[in-house]
Every structure is written in structure tokens, then in C-alpha cells.
Amino acid sequence: MTEFRVWAPKPDSVRLDVDGALHEMTRSDDGWWHASIEAAPNARYGYLLDDDPKVLPDPRSPRQPDGVHARSQLWDATTATWTDGDWPGRPVNGAVIYELHLGTFTAAGTFDSALEKLDYLVDLGIDFVELMPVNSFAGTHGWGYDGVLWYSVHEPYGGPDGLVRFIDACHNRGLGVLIDAVFNHLGPSGNYLPRFAPYLSSARNPWGEGINIADADSDEVRRYIIGCALRWMRDFHADGLRLDAVHALVDTTAISILEELAAETDWLSKQVGRPLSLVAESDLNDPRLITPRDRGGYGITAQWDDDIHHAIHTAVSGERQGYYADFGANSDSMATLAQTLRHGFFHAGTYSSFRRRRHGRPLDTSVIPASRLLAYTCTHDQVGNRALGDRPSHHLTGGQLAIKAALVLTSPYTAMLFMGEEWAASTPFQFFSSHPEPELARATAAGRKAEFAEHGWDANDIPDPQDPLTFRRSKLDWTEQSAGEHAKLLGFYRALIALRHTEPDLADPWLDHLVVDYDEEPAWIAVQRGQFGIVCNLSSECTSVPIGGAVVLAWDEPTASDTSTELPGHSVAILRCG
């Protein structure tokens with residue numbers, strides 16, 4: 001017998017459809033409906049609510065072979081074939097993470113095709129693969145952040161069996177896997193959850209109605225979220241989650257759902273006998289997120305740090321529009337960069353001109369190691385949410401890209417790459433979708449054009465998210481790796497990551513041990529980490545930096561002495577000091 005259960009306090013009646021046969025269900029006082037019947041292991045099933053003849057998928061659907069509008073399918077995680085029994089896991093702090101989008105990482109855009117690139121990632125020196133959302137969403141391709149069935153795996157990628165094969169292969173190569181989980185909103189297409197229960201709240205966020213984690217009947221919704229998170233780590237052996245935009249979770253309870261999730265994750269970690277990590281995306285600059293629970297924090301493992309990205313990007317590129325305006329004019333960009341590298345957050349209870357208010361809270365660097373913050377030169381957001389999806393490599397020299405890479409990969413922060421940055425990929429990463437509803441498709445395209453038209457862009461230049469070409473042009477071109485500047489930058493990334501992995505001084509996570517010196521004119525910055533000096537010339541002219549030593553690694557050959565180093569324009573050198 002197979003036990004079917006669904007939480008549906010809203011309808012007066014719920015019937016179970018299994019392969020076209022209807023079965024009555026019994027309701028308990030807590031709003032759960034139950035039925036035990038004989039069903040094939042791969043049976044298609046769904047629920048009929050009240051008098052509506054449409055069969056709805058299971059809110060906890062394990063598989064959606066025909067998309068989010070169709071019946072669910074049984075899938076038993078205990079029957080999956082695993083060969084990673086010896087995988088000890090690995091902590092995320094201090095690691096090198098590689099963020100990728102399954103659909104554009106390879107030409108085929110599937111888990112199985114991505115397997116063919118895992119040896120490349122190992123050779124590059126990657127520790128963790130971070131998958132952009134792989135939960136079920138409407139259409140064939142998209143970023144995945146508009147998921148509606150959080151428990152199931154997007155079928156065009158290969159479904160749950162494909163994810164099992166992918167994570168198993170990663171573990172057998174020593175690669176950890178993080179999965180991007182979106183618990184702050186639901187997508188606009190295929191969202192049937194409100195028909196079953198009060199999953200949505202009156203609060204709103206930039207993407208629509210918020211999730212009910214603090215209003216009436218929210219206890220069961222919180223269990224739904226936590227159960228989904230634990231499922232990725234327990235049933236699919238993921239080594240942790242990246243939690244999307246946790247600042248959009250409106251939680252007024254005394255025990256935050258993030259604290260609750262962190263405690264549950266720590267419990268599961270003990271059960272499975274390997275490290276499990278939660279990495280949050282947060283716009284708050286609130287160190288309580290990553291402060292241990294016994295010190296009054298939430299106990300999240302780590303968080304993305306956009307301040308580091310913004311400070312590096314503005315200093316190197318000179319870009320100043322939007323939120324980049326907060327990160328220094330040309331006259332003080334080195335000071336801004338130095339302050340951010342030293343303290344983790346630039347906005348730490350200080351005024352933000354972009355927000356027109358104070359923002360952030362200081363990080364106690366004696367308690368919280370820098371490895372609890374993620375540093376990066378670009379992310380899917382920092383590329384894909386630009387009007388044209390253009391990468392830094394479309395505008396910067398090889399030397400400037402090398403400077404950005406060196407500042408991240410020799411830093412005490414946990415480092416993250418976005419797919420293709422390591423060889424200055426020429427392909428963009430644009431915003432794309434494939435909503436099946438014509439009206440929603442038109443609204444998505446029109447909204448994208450209107451958004452950027454407000455910022456001065458010609459609406460005709462904005463790629464149509466629904467145009468299949470927008471998706472196809474965002475796929476990586478793996479043939480360009482071995483050519484010219486692409487190959488040179490890739491070699492530099494490999495050497496930087498190898499240095500990070502092998503030199504103990506570069507593993508020191510404490511910001512109190514970091515020494516930063518700089519000069520606004522000429523524009524150079526130097527970071528001292530133990531016996532290593534990382535010196536960067538951000539100007540286009542040759543300049544002398546008052547730090548000397550033996551050159552370990554460089555972009556363009558510097559001239560170094562015991563007391564100073566002559567650096568060509570747009571170049572960086574790592575020195576072993578006396």
C-alpha cells in the first residue's frame with residue numbers, strides 16, 4: 001500500500017487521482033488528508049479540490065515529468081543508486097565555489113552533459129559546485145527562481161535521477177555540491193499551492209506576494225520549507241544550500257525561520273556524519289545572520305557579500321551608476337576598497353546614498369572569521385541583471401580581470417566564481433524565460449524593457465527573455481578556452497587557486513591579520529597576508545609600489561627588488577616577502 005498525504009485545510013473535499021482512478025480521502029483535524037491505496041512505483045497522481053475537475057500536482061511532488069501544470073509522479077529516494085558512501089563531505093568556509101546554471105553550462109543543458117565538465121572543474125581547483133535553482137518551474141528553460149514545486153527537480157535537466165547521478169559523480173571526484181533554494185516567493189506560472197492552504201502572506205516583496213512564515217497557520221508552511229531544505233541534503237546528498245534573498249523573508253516570530261533551519265541542518269549533519277552548510281544571500285549587512293547561535297545569532301554558515309564585489313568592481317572598472325555610486329568616486333575608490341577588504345562590510349551602520357539611509361552593522365572581526373563571507377568578481381545577478389547580460393570581460397582588459405581575480409582568490413574570504421569568468425567568456429548571461437502562457441510571456445518581456453528604459457536604455461536593445469535566442473546565446477562557448485587571452489587568464493586562475501590551496505598564510509581567515517596599503521594617485525593597492533604581498537596597479541601607467549620580494553605569480557612581468565616593485569599598467573603580482 002502507498003500512503004498519500006496532503007495538507008489542504010482550505011477545500012471542503014479532496015479526492016486523489018491515481019492514473020485516472022479516483023479515490024476518496026479522509027481529513028484529520030489538522031487539515032491533512034489521507035488515503036492508502038495500491039499504486040505502481042511510478043504512478044502518476046494528483047488531487048481534485050472540491051468540485052474543480054482539474055487534477056492538481058502534489059505540493060510535495062517528488063517528480064513532474066510533464067511539467068508543473070500536470071500530474072505528479074511517485075519517485076522513491078530510497079531506491080536511488082549511490083556510490084558516494086566514502087564521501088566525508090567538506091566545510092564550505094574558505095573553499096572555492098563555482099556557480100553555474102545547468103541550462104547554459106553546456107550545449108545540451110542537462111545534468112548528464114554537465115558530468116563531462118567535472119574533471120575540468122577539479123583540474124581548475126574548484127571545491128564546490130553551486131547549482132542555480134533546479135526545482136520545477138514552468139516552461140523548458142529559465143533561471144529557476146520562479147519555481148512553484150520546490151520538492152521536485154526540473155525535468156528538462158534530467159529530473160531527480162539526473163540530479164542523483166550528478167551529485168554522486170561530484171562526490172566521487174571530491175567536489176561538494178550546493179543547491180540554490182528559493183523560499184521567499186513562488187513563480188507566477190503553475191502556483192497552485194494557495195488553492196490547498198495559506199502558503200502566501202499579506203506581506204509583499206519585489207517578486208510578488210510573500211511566503212506565510214509568520215501569519216496564522218504558518219507553522220505548517222515553515223515545516224514545508226524546512227522539509228524541502230532537508231530533502232535536498234538528505235535525499236539528494238547535497239552538501240548544503242544557497243538561500244536566495246533571505247532579506248525578503250518577512251518573519252516577525254521570536255525564533256527566525258533561518259535560525260530554525262540552521263539548527264535543523266546542524267542536526268541533520270550529525271545524522272549523516274558529514275558537514276552541511278547554509279550560505280545565505282542577504283542585502284542587510286547584518287552579521288547576526290552568520291553569528292553562532294550560542295552568541296545570539298542565527299548560525300548560518302556563510303553569506304554572500306556584495307560590498308566586496310561592488311568595491312572591487314568600481315575600483316577596477318570605474319563604473320559608478322546605481323548602487324555602485326556608494327563605493328567611492330575616482331578620488332577615493334582605493335580607500336573604499338581598502339576599507340571593505342579590511343572590515344568585510346563597507347556599509348556598517350553608515351549612510352548609503354543609494355538607499356538614502358543608514359545601512360548595515362559592523363562585523364566583529366574578532367568573533368566572525370572572514371571565511372563566513374563570500375567574495376566574488378561576478379555572479380549570475382551581477383551579470384544577468386545588467387540590461388544586456390554583459391560580463392566584466394566585455395569591458396575590461398585581461399590585466400583588470402586578473403586584478404579582480406587576485407583580490408578575491410588570495411583574500412581570507414570564501415571565494416566564488418561564476419561559470420566562464422575564469423577564461424573571460426565572450427558569451428553573455430542574459431535573463432531568459434519560457435513561460436507557456438502568452439499573456440505572461442508578453443508581460444515578462446514588456447516589464448524587462450520598461451525596467452531598463454527607466455534607466456536610459458533604448459527598449460529595443462533589451463533582449464526579449466522569451467526569445468529562444470536569448471537563452472541560446474547565453475550558453476558557454478567551451479571552444480574559446482584555449483585561444484589567446486582566454487587561455488592566459490585561465491592559466492592565471494588555475495595558478496591563483498593552486499596558491500590559495502597550498503599556502504598556509506592564504507588560509508588564515510582572520511581580518512585582524514590583514515594589512516592593506518594603497519595610494520589613490522597613482523591607483524595601486526597592496527594586501528599583506530603573512531609572508532605574501534598582493535600588489536595591484538589599477539592605473540593604465542607603470543607605477544612603483546613600495547613592497548618588494550620574490551615574485552611568485554604575476555600578470556605581466558613586474559620588476560621587483562627587496563623594497564619595491566615596478567608594476568606595468570593594469571597588472572598584479574603576488575610576492576613572497578622576507
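Two strands count as paired if DSSP finds at least two bridges between them. Helices (H or I, at least four residues) and strands (E, at least two) are DSSP runs, numbered from the N terminus. The model is a predicted one, in which local features need pLDDT of at least 70 and side-chain atom pairs count only at pLDDT 80 or more, while totals for chains, interfaces and linings use all residues. Residues are numbered from 1 along each chain as its sequence is written, and side-chain values use heavy atoms, with hydrogens and water left out.

Three strands form an open sheet in the order β25-β28-β27, with antiparallel pairing. Its edge strands, β25 (543-545) and β27 (559-560), each pair on one side only. Between β25 and β28 (residues 565-567) there are three bridges in the antiparallel sense. In this sheet T543 stands opposite L567 of β28.

Next come two helices. Helix α6 (residues 218-234) packs against helix α7 (residues 257-272) at an angle of about 35°, with the axes 10 Å apart; axes are lines fitted to C-alpha atoms over the stretch in contact, and angles run from 0 to 180 degrees between N-to-C directions. Contact means heavy atoms within 4.5 Å. Among the residues that meet are I225 and L230 in α6 and L261 and L268 in α7.

D12 lies between β1 (2-7) and β2 (14-18). D12 is exposed, with a relative accessible area of 69%, where exposed means over 50%, buried under 20% and partly exposed in between (1.4 Å probe, protein chains only). Not counting residues up to four places away in sequence, D12 touches W33 and D50.
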